[in-house]
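Here's a quick briefing to read with the model open beside you. Start with a contact question, then work through the topics below.

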Amino acid sequence: MRWYFVAGLLTLLTSSQGILTTLSQSNGGYKYDYATVPFLAELFKLVVSCILLWRELKSSSPPRMTTDWKSVRLFPIPSIIYLIHNNVQFATLTYVDTSTYQIMGNLKIVTTAILFRLFLRRKLSNLQWMAIVLLAVGTTTSQVKGCGEASCDSLFSAPIQGYMLGILSACLSALAGVYTEFLMKKNNDTLYWQNLQLYTFGAIFNMARLILDDFRSEFVKGPWWQRLFDGYSITTWMAVLNLGSTGLLVSWLIKYADNIVKVYSTSMAMLLTMVLSVYLFTFKPTVQLFLGIIICMMSLHMYFAPASMLVDVPLTLKAAPQTLNEVSVERPDRRTNMVFNEKIQNQ
């Protein structure tokens, strides 16, 4: 399966997630417990991974599976990082407004590239670094509101704690993605065995969150398993399946492509969501949105296009490897020169 096909499908599903979540609301709120959505999505991914792994085990050539505890114990770490990241997100929103938070969220594009280079030792060309910066600029431009819609004085006027937490949130998001790629590529284990480990711990941590919410509310609404499906509609179930399918595609991309491809897919999904919201909701298109789309398209072309399409190479340099042949010339020694000179003098 081609990675760009998976990336395109991930873009469509990611853009659909926000729309489905909005459509699942009723009177501006949720009739269901929103914390149950990621838990059920983790269970969906776990079941799908188990079925696909079982099919591979039944094949003639069994897949490679590392069951050593030294390897297995590394898989809870991404879930722990995401758990910390979610708490940092909530803490950030206590200091900054939603618009500033969304804009600062684009920092994860750059932080992912930096950690991608530092920890995975993946080299990026100067054009690719420029493309990544352009992607962050494009997504930020599309989210900036005009002064007529929101006060310009309120933009980036939050306390310093909010900006520090925003930077920390971007670093944690990037770290979780890069560390997951390290786990996926550190050996030749089958993808479905690696997914089974990731999603098992993911389901455990999401269930722990539901239990913690029960203790915080002092079980006013009863234990979480009794109200697991309360308020669910067809749209809610579609959101669960969409979120689970998105996670499976992300793991495939990280295994067979890299985090930068995932970053581009999710960034393009954000722009696609904004465009679709123009037709589905009351969202009004802005000049900033169109400028952001243009900048992101330029970034996409700069990062993935061959260098020959971006830089004009002189024809002489292109033809040099075909016209020049390597010729070995032996340097004559001193004795050969003396014999040659004697023959000239005799003539």
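Which residues does Thr92 touch, not counting residues up to four places away in sequence? They are Tyr101, Met104, Gly162, Leu165 and Gly166. Keep in mind that this is a predicted model.

**Around Thr92 and Gly166**
- Thr92 sits in helix α4, which covers residues 76-93, and it counts as buried because its relative accessible area is 0%, with under 20% being the cut-off.
- One of the contacts of Thr92 is Gly166, and Gly166 belongs to helix α8 (residues 160-185).
- Gly166 is buried too, at 7% relative accessibility.
- Leaving aside neighbours within four places in sequence, Gly166 is in contact with Thr92 and Met104.
- Take Leu107 as another reference point: Gly166 and Leu107 are 59 residues apart in sequence, yet their C-alpha atoms are 8.5 Å apart in space.

- You'll find Arg122 in the loop between α6 (107-119) and α7 (126-143), where it is partly exposed at 33% relative accessibility.
- Not counting residues up to four places away in sequence, Arg122 touches Phe116, Arg117, Glu181, Lys185 and Asp258.
- Arg122 and Asp258 lie 136 residues apart in sequence, with 9.9 Å from C-alpha to C-alpha.

**Salt bridges**
- Searching the whole structure turns up eight salt bridges.
- Glu42 pairs with Lys45, and their closest N and O atoms are 2.9 Å apart.
- The two are about one helical turn apart because they sit three residues from each other in helix α2 (residues 36-57).
- Both ends of that pair are buried: Glu42 has 13% relative accessibility, and Lys45 has 8%.
- Asp213 bridges to Arg209, with 3.9 Å between the closest N and O atoms.
- That pair is four residues apart in helix α9 (residues 191-216), so about one helical turn separates Asp213 from Arg209.
- Asp213 is partly exposed at 22%, and Arg209 is partly exposed at 34%.
- Asp214 and Arg227 meet through their side chains in a salt bridge, 2.1 Å from N to O.
- Asp214 lies in helix α9 and Arg227 in the loop between α9 and α10 (234-256), so this pair ties together parts that are 13 residues apart in sequence.
- Asp214 is buried, with a relative accessible area of 2%, and Arg227 is buried at 11%.
- Back at Arg122, salt bridges that share partners join Arg122, Glu181, Lys185 and Asp258 into one network.

**Surface**
- The chain exposes about 20900 Å², and carbon and sulfur atoms supply 63% of that.
- Trp3, Tyr4, Phe5, Leu9, Leu12 and Phe304 make a nonpolar surface patch of about 590 Å².
- Helix α1 (residues 3-23) gives the most to this patch, with five residues.
- Phe5 is found in helix α1, and it counts as exposed because its relative accessibility of 51% is over 50%.

**Cysteines**
- A disulfide is a covalent bond between the sulfur atoms of two cysteines.
- How many disulfides does a search of the whole structure find? The count is zero.
- Cys50 is partly exposed at 34% relative accessibility, and Cys171 is partly exposed at 32%.

- Among contacts between residues at least 6 apart in sequence, 83% join residues at least 24 apart.

Technical notes:
Residues are numbered from 1 along each chain as its sequence is written. This is a predicted model: local features need pLDDT of at least 70, side-chain atom pairs count only at pLDDT 80 or more; totals for chains, interfaces and linings use all residues. Side-chain values use heavy atoms; hydrogens and water are left out. Buried means under 20% relative accessible area, exposed over 50%, partly exposed in between (1.4 Å probe, protein chains only). Contact means heavy atoms within 4.5 Å. Patches are made of residues with over 30% relative accessible area and no salt bridge: like charges are joined within 9 Å, nonpolar side chains (Val, Leu, Ile, Met, Phe, Trp, Tyr) within 5 Å. Accessible areas come from the Shrake-Rupley method with a 1.4 Å probe; for residues, only the protein chains shown count as cover. A salt bridge is a side-chain nitrogen of Lys or Arg within 4 Å of a carboxyl oxygen of Asp or Glu. A disulfide is a pair of cysteine sulfur atoms within 2.5 Å.
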